[in-house]
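Here is a brisk report for a reader new to this structure. Look at the sequence and the 3D view first, then read on.

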Amino acid sequence: MKRVLIVDDELNMLESLHKILSYRKDFQISAFNDPAKALKELSKNKFDIVISDLRMENHSGIDILQASLKKNPATIVIIISGYGTIESSVEAIKLGAFDFIEKPFTSKKLFEVIDRGLLIKNQFSVDETEDIPELRGIVQNSPAMKEVLNLVRRISPSEMNVLIYGESGTGKELLARAIHKLSKGKNNPFVPVNCGALPEQLFESELFGHEKGAFTGAVKTKPGLLEFAEGGTFFFDEIGELTTALQVKLLRMLEERKIRRVGGSNEISINVRIIAATNKNLENLVSEGTFRDDLFYRLNNMKIEVPPLRERKEDIMPLINQYIQLLCSNKGEKQKHFTPEAEVALINYAWPGNVRELQNVINRTYFLCPNELITIDDLPIPVSKKQEIIDKSIITLSYKEAKERVLESFEIEYLTYHLKRNNGNITKTADECGLDRRSIHRLISRYNILFKD
Ligand SMILES: Nc1ncnc2c1ncn2[C@@H]1O[C@H](COP(=O)(O)OP(=O)(O)OP(=O)(O)O)[C@@H](O)[C@H]1O
Ligand SMILES: [Mg+2]
């Protein structure tokens, strides 16, 4: 049951509103044509939805708005006015109104706004889970993310190796750092390395260190990063990129807890916790033979899967609000707001680059939009574009033609996305898509896709 309060000093209007809203069997409606009485009611009871006229005798809708939010900050307040101007709408939204409707309006419009409100406010079902300082700042509004963080909490104190799997930008490194902060070795270093960033030779000497004279240029003995992480956590980012030779060395280290510097003969004991992350499906790499199964099983004894943002939409608005607050406090500016329509677009967007993409979009939009109210038109095109499953223009075509059209746009979008991700590298793209190079070439020439080679 939703508790709904309506206020309008015009009796006809109040009655119509009451009648329309009564169509919803789950609405329990209280109606007032005297704003003073409504304010009294609001001081006593919480409401889920409040709909109020803006200009009334003696009181304004703004008073109703403020009283509603004071009693219950989660109330969806919708302001109605016959004298709607942009300024008063911005004013009401700045003060926390959910939206603003100008008279005359249809019942359809009213329900549209209400439903949007219910959709968005449901995103803010902030519950008071335990406040752990080490996890502060990590948004976990969705059940999926809460589960991930519960797992993080449970496994952190143990010394188990952890494998974190997630698409790029989902927060793998953030979680690895959180595990470190909650672990026994938290006062020792957290050392991240990107397994794809360095050529094999260099990577080996970085990781394991080298003795003086081990190779040209090794003028001094240098301890490896693994030694540096002693007692703490070592984070192997993009573990799927590790070459076969290094996989063998890493496996040996995990089994014996010992390393040998390049050019060295002594074994050095290593006491570090290993966390590895990947955005690749390691099982697939194992079955293809590019990743050692014994290493995989060593790392995989504890696996955390971070779901992509599109599968946990409840985290989207809390993440956005967190960044906006950060941006404002940095710039000392007044806080900007989104129109409900813009919020819906942000929530519906698929975020292929996950939280990282979301940060970029918010940063850009924030600095490019000069107004205090960010509308759907201020958002970058992929976000503001309606995500329609099928383009309406094809519905009149024959089934065969329509299907071809859909397939064609899918193939183009899919392929350009992966080509872009891999900087036009055909081998990597083919790998990622599970296709062979020939098929990729065929698609590229069929659609005449221009890309960086
Ligand atoms: N749940 C979250 N709450 C707050 N910030 C988050 C959350 N998840 C990710 N972020 C932020 O998003 C950005 C990307 O996160 P991170 O670098 O950990 O992702 P990643 O999975 O390692 O990405 P990549 O695959 O690109 O290396 C960081 O700035 C991080 O702080
Ligand atoms: Mg990362």
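## Two helices side by side

Helix α2 (residues 35-44) packs with helix α3 (residues 61-71) at an angle of about 10°. Their axes are 9 Å apart. Axes are lines fitted to C-alpha atoms, for helices over the stretch in contact, and angles run from 0 to 180 degrees between N-to-C directions. α2 and α3 are therefore roughly parallel to each other. Angles under 35 degrees count as roughly parallel, over 145 as roughly antiparallel, 65 to 115 as roughly perpendicular and the rest as oblique. Helices (H or I, at least four residues) and strands (E, at least two) are DSSP runs, numbered from the N terminus.

From α2, the contact uses Pro 35, Ala 38, Leu 39, Leu 42 and Ser 43. From α3, it uses Asp 63, Ile 64, Ala 67, Ser 68 and Lys 71. Two residues are in contact if their C-beta atoms, placed from the backbone, lie within 7 Å. By class, these residues are six nonpolar, two polar and two charged. Ala, Val, Leu, Ile, Met, Phe, Trp, Tyr, Cys and Pro count as nonpolar, Asp, Glu, Lys and Arg as charged, and the others, Gly among them, as polar.

## About the model

This is a predicted model: local features need pLDDT of at least 70, side-chain atom pairs count only at pLDDT 80 or more, and totals for chains, interfaces and linings use all residues. Residues are numbered from 1 along each chain as its sequence is written, while chains are lettered from A and ligands numbered from 1 in the order in which they are written.

Val 7 is found in strand β1 (residues 2-7). Val 7 is buried, with 28 other C-beta atoms within 10 Å. A residue is buried if 20 or more other C-beta atoms lie within 10 Å of its own, exposed if 12 or fewer, and partly exposed in between, with C-beta atoms placed from the backbone. Beyond neighbours within four places in sequence, Val 7 contacts Phe 32, Pro 35, Ala 38, Ser 52, Asp 53 and Ile 64. The C-alpha atoms of Val 7 and Met 160 are separated by 60 Å.

Ser 81 belongs to strand β4 (residues 76-81). Ser 81 counts as partly exposed, with 19 C-beta neighbours inside 10 Å. Not counting residues up to four places away in sequence, Ser 81 touches Asp 53, Leu 54, Arg 55, Ser 88, Glu 102 and Lys 103. Asn 58 lies in the loop between β3 (49-53) and α3. Asn 58 is exposed, with 9 other C-beta atoms within 10 Å. Its phi is near 70°, a positive value in a residue other than glycine.

## Nonpolar cores

Which residues touch the most other members of the largest nonpolar core? They are Ile 164, Leu 175, Ile 275 and Ala 276, in a core of 36 residues. A nonpolar core is a set of buried Ala, Val, Leu, Ile, Met, Phe, Trp, Tyr and Cys residues joined through C-beta atoms within 7 Å. Elements that each supply at least two residues of this core include α6 (143-155), β6 (162-166), α7 (172-181) and β13 (273-278).

Leaving aside neighbours within four places in sequence, Leu 175 is in contact with Val 152, Ile 164, Ile 304 and Val 306. A second, separate core has 29 residues, including Leu 5, Leu 65, Ile 80 and Ala 97.

## The ligand shell

Ligand 1 is surrounded by 16 residues. A residue is near a molecule or strand if its C-beta atom, placed from the backbone, lies within 6 Å of it. The closest are Ser 168, Gly 171, Lys 172, Glu 173 and Val 355. α7 and α15 (354-368) each give two or more residues to this shell. By class, the shell has five nonpolar, eight polar and three charged residues.

Asn 354 is in helix α15. Asn 354 counts as buried, with 22 C-beta neighbours inside 10 Å. Phi of Asn 354 is near 55°, a positive value in a residue other than glycine.

Helix α18 (residues 426-433) and helix α19 (residues 437-446) pack at an angle of about 105°. They are therefore roughly perpendicular to each other. Ile 426, Thr 427, Thr 429 and Ala 430 of α18 meet Arg 437, Ile 440 and His 441 of α19.
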